[in-house]
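Dear colleague,

Please read them with the model open beside you.

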Amino acid sequence: MPTRQRTVMLVGIVVLLAALILAVVLASLLTHGKQEDSPKTLKWKDRGTTRNLQEVILGRCYNYVMARFSELGDKDCLKIWESLKKAFMYKHPCNITSEDYQPLMELASDPVPCNKSLFWSKTSDLAHRFTKSNQNFLTLEDTFLGYMADRVSWCGDPSAPGINYESCPKRSECESNPGSVFWKMASKMFAEAACGVVQVMLNGSVEAGAFRSSSIFGSIEIFNLNPDKVSAVHIWVMHDIGGPQSESCSGHSIKRLISILEERNFKITCEDNYRPAQLLQCVHNPDHADCRLCTDIMATP
């Protein structure tokens with residue numbers, strides 16, 4: 001091969017290699033830039049989407065429908081999952097709206113019998129143990145919608161696969177996150193469905209006060225109770241076994257709650273340490289001094 005041809009060929013190879021290297025570098029820079037812009041690179045403070053979310057939601061849906069089929073009627077669990085998925089997948093986790101969840105709320109609506117609604121604030125464990133032992137009451141988490149979503153988390157990501165399994169935003173990071181918007185809507189719907197006598201279980205051992213205007217109950221549920229459907233509100237102020245008795249029915253925050261309810265024309269009663277719930281607390285603390293009265297009551301022939 002002549003020297004000139006060899007020179008041209010070598011120059012061509014060098015140019016080709018340079019072009020390939022440049023292409024790789026550019027691709028790397030573009031990819032890096034996209035990763036920096038992706039919401040996935042943000043580190044939220046709450047846990048990420050529950051693993052196997054679809055299987056969890058479908059399993060709970062089928063389980064609940066089978067247990068209460070005659071009351072619920074025909075519920076399409078696949079449609080319910082698809083509706084939930086559309087509400088948050090491929091969306092920025094701080095841009096969720098109530099409209100995103102509206103189809104899900106309509107598909108999963110669940111009638112609540114009168115006199116059974118139990119609202120709670122800072123008494124989650126006791127309230128749910130109470131409804132499990134007493135079928136006469138239901139919390140939001142005992143309803144169809146609440147049962148499917150209880151202790152489950154989810155949030156989206158604009159990039160594939162559309163779900164962030166690493167972390168999700170807390171309410172303090174952004175108000176319009178998937179969890180906060182969902183539970184606000186579900187709580188509103190639960191309150192609107194309440195009828196007859198409703199119960200409210202509050203924690204009198206909380207230093208900040210048993211009733212908080214910033215809580216879901218204090219900011220949403222209380223204002224969506226319908227005075228034309230709800231005949232009375234029974235307030236139970238519970239104290240932790242061995243815990244401080246920061247507030248009772250005569251406390252400042254309870255008086256504020258009663259004032260709000262009276263302005264909305266509700267009849268109200270308030271009871272400290274509602275006995276059936278206190279007995280349930282004492283099952284786990286039978287020898288504690290706070291439970292001696294309970295022990296005496298149970299031992300009385």
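Cys-155 is buried, since its relative accessible area is 0%, where buried means under 20% relative accessible area, exposed over 50% and partly exposed in between, computed with a 1.4 Å probe on protein chains only. Its disulfide partner is Cys-168, with the sulfur atoms 2.1 Å apart, and a disulfide here is a pair of cysteine sulfur atoms within 2.5 Å. Cys-168 also counts as buried, at 5% relative accessibility. The S-S torsion of Cys-155 and Cys-168 is about -85 degrees, so this disulfide is left-handed.

Please bear in mind that this is a predicted model, in which local features need pLDDT of at least 70 and side-chain atom pairs count only at pLDDT 80 or more, while totals for chains, interfaces and linings use all residues. Residues are numbered from 1 along each chain as its sequence is written, and side-chain values use heavy atoms, with hydrogens and water left out.

The structure holds six disulfides, and with bonded cysteines counted along the chain their pattern is 1-2, 3-7, 4-8, 5-6, 9-10, 11-12. Among them is the pair Cys-94 and Cys-174, whose sulfur atoms are 2.2 Å apart; Cys-94 is buried at 17% relative accessibility, and Cys-174 is buried at 10%.

Another disulfide joins Cys-114 and Cys-195, with 2.0 Å between the sulfur atoms, and it is left-handed, with -110 degrees about the S-S bond. Cys-114 counts as partly exposed at 42% relative accessibility, whereas Cys-195 is buried at 11%.

Best regards
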